[in-house]
Amino acid sequence: MSIFEYAPAPESRSIVDIKGSYGLFVNGEFTDGHGTPFKTVNPATEEVLAEVAEADASDVDAAVKAARKAYDKVWGPMPGRERAKYLYRIARILQERAREISVLETIDNGKPIKESRDVDVPTAAAFFFYYAGWADKLEHSGYGSTPLGVAGQVIPWNFPLLMLAWKIAPALACGNTVVLKPAETTPLTALLFAEICQQADLPPGVVNIITGA
């Protein structure tokens, strides 16, 4: 029996356009934070990747206010079958931009590209597909279908995009809106996800992403 040796499968960094600076994502738009900006670095090389806005209490209040308005006026009253369309659209965009996202995840987080590309990003897309399917079936599940309101979500550094998907997808499927804070050491794929929300035409305020310690 032969033993097969497999060559590495690197991905080009050129697929990712890392901006020099990133703002907060509030009410569908990127805005400046009122805190002191901080730097996110590549843990493999200690290269500074970008400067990221820091939210203060007033920024958090603005994000919650935007999320509450979106919940009251748009997302909460929206039928589950309509929410499902947005979740499905986000899932498709995650698939379409998978190489870009996985490279950015590896640069900012330090995990092997194989893990980001072959596990984390496909699984994140799968979660949005899965909860898109649940969005119009919750009233038949036996658990009720009344959303709770604004979900404040804080995620760690080890699975940045996957943790985001685990938190955001079910919250949106149930009719809640979200204010999410990624880990200060790994904020870049969450901020790219904010761009994906814009690309998917998600109503303003449904997902808000604030960065900081």
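Me: Which helix lies across E1, E4 and E5?
Reply: Happy to start there, keeping in mind that this is a predicted model. The helix in question covers residues 188–199. Its axis runs at about 50° to E5, and the helix is H6.

Me: And which helix lies across E4 and E5, running at about 105° to E4?
Reply: Here the residues to look at are 98–109. They lie across E4 and E5, and the helix they form is H3.

Me: In what order do the three strands of the open sheet stand?
Reply: Let's build it from the pairings. E1 and E5 are joined by two bridges and run parallel, while five bridges join E4 to E5 in an antiparallel pair. Strands E1 and E4 each have a single partner strand, so they stand at the edges. The pairing is mixed, and the order is E1-E5-E4.

Me: Which residue in E5 is the bridge partner of Phe38?
Reply: Good one to trace on the model. E5 spans residues 47–52, and Tyr22 stands opposite one of its residues, Val52. For Phe38, the bridge partner in E5 is also found there: Val52.

Me: Which residue in the turn of the E4 and E5 hairpin has a positive phi?
Reply: Four residues lie between the two strands of this hairpin. In that turn, a phi of about 65° belongs to Glu46.

Me: How far apart are the closest N and O atoms of Glu82 and Lys85?
Reply: Both residues lie in helix H2, three residues apart, which is about one turn of the helix. Glu82 counts as partly exposed because its relative accessibility is 26%, and Lys85, at 46%, is partly exposed too. The two form a salt bridge, with the closest N and O atoms at 3.2 Å.

Me: Is Lys111 buried or exposed?
Reply: Its side chain meets that of Glu115 in a salt bridge of 3.1 Å, N to O. Glu115 is partly exposed at 29% relative accessibility. Lys111 has a relative accessibility of 6%, so it counts as buried.

Me: How many salt bridges does the structure hold?
Reply: Besides the pairs above, Glu184 and Lys181 meet at 3.6 Å, N to O. There is also a network linking Glu11, Arg99, Lys114, Arg117 and Asp118. For the structure, the total is 14.

How values were computed
Residues numbered from 1 in each chain as written. Predicted model: local features only at pLDDT ≥ 70, side-chain atom pairs only at ≥ 80, totals over all residues. Heavy atoms only, no water. Pairing = 2+ DSSP bridges. Contact = heavy atoms within 4.5 Å. Axes fitted to C-alpha atoms, helices over the stretch in contact; angles between N-to-C directions. Salt bridge = Lys/Arg side-chain N within 4 Å of Asp/Glu carboxyl O. Buried < 20%, exposed > 50% of the residue type's maximum accessible area, 1.4 Å probe, protein only.
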